[in-house]
Each structure stands twice: as C-alpha cells, then as structure tokens.
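The following paragraphs lead the reader through the structure shown here, from its helix packing to some individual residues.

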Amino acid sequence: MRRLAPLFSALVSTILGASTVAACSSADATGGADAGGADADSADAGSTFLAPACSETSLLDSITSAEAYDYIELRYEFVSSIGDGGGIPDAGPPAVEVLAKKGELCATATDKARCLEAYAGVGTRFGTPCNGVYPDCAAESVVVNQGDTFRAFSKLNLVGPFLAPIDSPAEAALAARLQGYRPLCDTNTPLALPGGSYEVRAVVREPCFGNKYGYRLDVSAGGIVTEKSKELIAPASGVCGRRPEGLREVAAFAGATSAGRFFAQCTHLEAASVPAFLTLERELGALGAGPKLRAAARRAARDEVRHTKMMRSLAEAFGGVCADVELAAVGPRTVFAMALENAREGCVGETYGAAQAAFQAQTASDPRVRSTLAVVARDEARHADLAWAVDRFLAPLLTEAERREVARVRDEAWAALTTSLEQEPSAHLREVTGLPSARDAALLLSGVRELLAAA
Ligand SMILES: [Fe+2]
Ligand SMILES: [Fe+2]
C-alpha cells in the first residue's frame, strides 16, 4: 500500500482547485453562510431528520413580538473564572459571539452613548462562573433592546415574556434552540398542532463528532419545550483522534468562540490518542508483531503528545477550555476487539482526519492554525498508514467470520462519518479553522475512499 500523505495532499489540491472554479460560477459554492445551514440535498433521504437546520438569521427574522423593540440578537455567551491554565481572564465579563441580529442597536435611546455602554455590559447571568467544563457556564440567549433598556432570555428564564404566545414556526424553533437543540426547518417542521403547540424536529450532536440524536419536541404556546422522542441517528465518529476503549466522553466543551470550542474538542481527542497508541504498542508486542510496527505505534504516541500541546495552545488562543482525559479501566482485549477498534478509529477516523487536516492546513485563515494543521496532517497520515498496516497484521489472526465483521464495522464507520459531515460548520468556524464545507467534506471523503481502493 502506498503512503497516504502525498496522496492526500494531491487530493486536497484537486478539491481546492475545483472549489475555486465552482466559486466563480456559483454564489453558493460553500453551501451558504449561515451556521447550521446544511445542504438539503446532501442529507440522507431515508431519515426523518433530513431537513436543513434553521438558519440563525431566519430564527430572528420571523419573530412577531407584541412588544416593540429596536434591536434583537441571538448570541452565544460564555462565563469563566479560570485565571490560569485555561487562558481565560479571571471572572471577567462574559465572552460573547453574536450569531444573528436584527434592527438597529439603541435606535431610539435617549442617550445613545450610554445605551451602547449598557449593551457592552449586558449578560444573561444564566449560571455561575465556572472553573471547569460545565454546560451551565455557556449558553445561547436572545438579547432585546428597546430605547434605553435591555432584556435577555435564555434557557433558564424561558422565552415566554417576550415571545409568548409562540405563534409561528420560527418562534417555536427559536424556543427549541434556546434549550440547546438544533431545530430543523422545512415545510414539515416546525409543524403547528391542533392544540396550539408546535412539533419541532431537531438534532443534537455530542462534542468531538460524537453521537448525533434526533428529537421530536413539543413547544407549547407559552414556550415550554418537552421531548416527545429521542433517537440515535448517527453514531460517533473519531476524526480529531483515535479514541481508546474506556474513554469517558465530555458532555460539553466550553469556550469564548466556536473555534475555541472546536480546538478544545480536538485537544481532548489528541490527548486521548496517546493511551490508545501506548495500548496498541503493548498489544502488538504481546501478539509478536515486528519491531517496525511496534516502533511506529510508539512514535505515534509521541506525535499525539505533541499534537495535544499544539492543539491546546490553539484552543487557548481562541478562548477554548480544555478538559482532562478520563479513562475507565479496561482489561486485556481479544485480537478481534483490537481489530474492531483499529478499523473504526484508525482505518476510518484517523484516515479521514489526516485528509481533513491537510485540507485545513491549506484553507484556515489564521496562520497559526495552518502551521499546526500542516504538522498534524503529516503525522496523522502516518498514523493512517499504521492503522492499515495493523489491519493487515491482525487479519490472519482472525476467523473468517471475525474478518467479515471487521469489514462490516468499517463500512458502518464510513457511513456514520458520511452522515456526520453533512452538518455544515458555521461560516466563522470554516474560515478560522479551515474546516471543509459539507460539500467539500463529501468530495474529500469520496476522494479518500477512492485513493484507498486504488492504493
Ligand atoms: Fe493527532
Ligand atoms: Fe493520530
């Protein structure tokens, strides 16, 4: 099998060349600028949750409040008391990222300068400052300005006072969004129900390309959001790193910006990859693997230590809060269990992750991100080579039925990855981190699979 690094770098150049041509001929070459706006035709046609995510702009545009307002915004807010280690100033004002806005700030204020000053101090104070990774130190909220006054609504003080009654699909979607769901919008959702409430279909993805769930929600006229059903629609796929067995998933990553949260997630997975490779090296030794294979696993563990440091400094630079890696004790594993993990995490996760890092190294707007990802891309391509070498080493040690199961699990992981990449990253996240649009990610993934088939 040929080395993957040069193949991936040629693939990225081809895709970027094609994207440039497409961008010249289509204003929507990157799939739209709104965060969460997935291409409708890229979704799985068999899924109940195939509608595109409601754009943040559309959520605000359709608000019909009985109360007048000059300005309204949807924002992400993060409060931290971390003074060291996390790189976040100690208990300062909340870090704010405005996701969408409407109207003119302080348009009818009696004293505009004082009004703008008051705006700078607006915070929903939805939770206590946090010195770790707690969901309540970060949330989305709606800030409303009328004249000299400001009000803010978040998941802890419901949307009722401003929005009630909820009497449009977009308002129902906004109520769900403030409760942490990603509502979907098309002609079938949100759907007005006879009793005056709305059914909203929504998705939630766990951090680190974790499990993706689909929800049917009931949103009452008073803005109360109730879960009617929840189903797993795409299992987790490891793109930022190689997840070891026993890894405790982090419920939520916090940070001042979406890029900071993204790099905090990557830091966690890079750090988790270190014990994954150390275990692999030990297990390969026990199975009598040659010195080259074992040395490659040891080197990969060292690479991941370096990646962790590099990703952590990116996370801190963008206001992300990193979480410790916690591993549950795992006993000795069978060759079959090793092969399954290697198929999922290495042959699929790290292989695509290497190609994605090569893409990010070319397209991120921030030079620190580009230089870090260039190193990560080169190393991860070597880890992908290692995963496929381990796959070849383990295959003769498995039964025919086990080999078939490993192939099935690998196919399942490719399918899960395909689904997870259909979610469009926000325009801001794409620009800063260089993450591919859903359209480019699909091209990258199919290119990777073609290269593997031919290699
Ligand atoms: Fe890595
Ligand atoms: Fe890796």
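A crossing of two helices is called left-handed if the near helix is turned anticlockwise from the far one by less than a right angle, and right-handed if it is turned clockwise. By this convention, helix 8 and helix 12 cross in the right-handed sense. On the side of helix 8, the contact involves Thr-351, Tyr-352, Ala-355, Gln-356 and Phe-359, while helix 12 contributes Leu-444, Leu-445 and Val-448.

The protein as a whole contains 12 helices and nine strands. Of its 455 residues, 48% are buried. Among the contacts between residues at least 6 apart in sequence, 71% connect residues at least 24 apart.

How far may the prediction be trusted from one part to another? The mean pLDDT of the protein is 80, and 80% of the residues reach 70 or more. Where pLDDT is low, the predicted coordinates should not be read in detail.

Helix 8 also packs against helix 10. Two packed helices are described by the angle between their axes and the distance between the axes. For helix 8 and helix 10, the axes come within 9 Å and the crossing angle is roughly 30°. Angles under 35 degrees count as roughly parallel, so helix 8 and helix 10 are roughly parallel to each other. Their crossing is right-handed. Phe-336, Ala-339, Leu-340 and Ala-343 are among the residues of helix 8 that take part, and they belong to a group that meets residues of helix 10 including Val-406, Val-409, Ala-413 and Trp-414.

Another pair is formed by helix 6 and helix 7, whose axes lie 8 Å apart at an angle of about 165°. That angle makes helix 6 roughly antiparallel to helix 7. The crossing of this pair is left-handed.

In soluble globular proteins, nonpolar side chains tend to be buried together. The largest nonpolar core here has 68 residues, and the members that touch the most others are Phe-8, Phe-263, Ala-354, Ala-355, Ala-358 and Ala-377. The elements giving two or more residues to this core are helix 1 (4-25), helix 6 (258-286), helix 7 (291-317), helix 8 (335-363), helix 9 (367-394), helix 10 (400-420) and helix 12 (438-454). Beyond its neighbours within four places in sequence, Ala-377 is in contact with Ala-354, Ala-357, Ala-358 and Ala-361. A second, separate core holds 35 residues, including Ala-176, Leu-184, Cys-185 and Val-225.

The description now turns to individual residues. Val-144 belongs to strand 3, residues 138-146. Val-144 has 23 C-beta neighbours inside 10 Å and so counts as buried, since 20 or more are required. Leaving out residues up to four places away in sequence, Val-144 touches Tyr-69, Ile-72, Arg-151 and Phe-162. Tyr-69 is 75 residues from Val-144 along the chain, yet their C-alpha atoms are separated by 6.7 Å.

Ser-220 occupies the loop between strand 8 (212-219) and strand 9 (225-234). With 19 other C-beta atoms within 10 Å, Ser-220 is partly exposed. Its C-alpha atom is 9.5 Å from that of Ala-175, a residue 45 places away in sequence.

Two features of the backbone remain. Most residues other than glycine have a negative phi, and most peptide bonds are trans. Cys-106, in the loop between strand 2 (95-103) and helix 3 (112-120), has a positive phi, near 60°. Cys-106 is buried, with 22 other C-beta atoms within 10 Å. The peptide bond from Thr-189 to Pro-190 is cis, with omega near -10°, and Pro-190 lies in the loop between strand 5 (182-183) and strand 6 (191-192).

Conventions: Residues are numbered from 1 along each chain as its sequence is written. Chains are lettered from A and ligands numbered from 1 in the order in which they are written. A nonpolar core is a set of buried Ala, Val, Leu, Ile, Met, Phe, Trp, Tyr and Cys residues joined through C-beta atoms within 7 Å. A residue is buried if 20 or more other C-beta atoms lie within 10 Å of its own, exposed if 12 or fewer, and partly exposed in between; C-beta atoms are placed from the backbone. Helices (H or I, at least four residues) and strands (E, at least two) are DSSP runs, numbered from the N terminus. Two residues are in contact if their C-beta atoms, placed from the backbone, lie within 7 Å. pLDDT is the predictor's confidence in each residue, from 0 to 100. Axes are lines fitted to C-alpha atoms, for helices over the stretch in contact, and angles run from 0 to 180 degrees between N-to-C directions. Angles under 35 degrees count as roughly parallel, over 145 as roughly antiparallel, 65 to 115 as roughly perpendicular and the rest as oblique.
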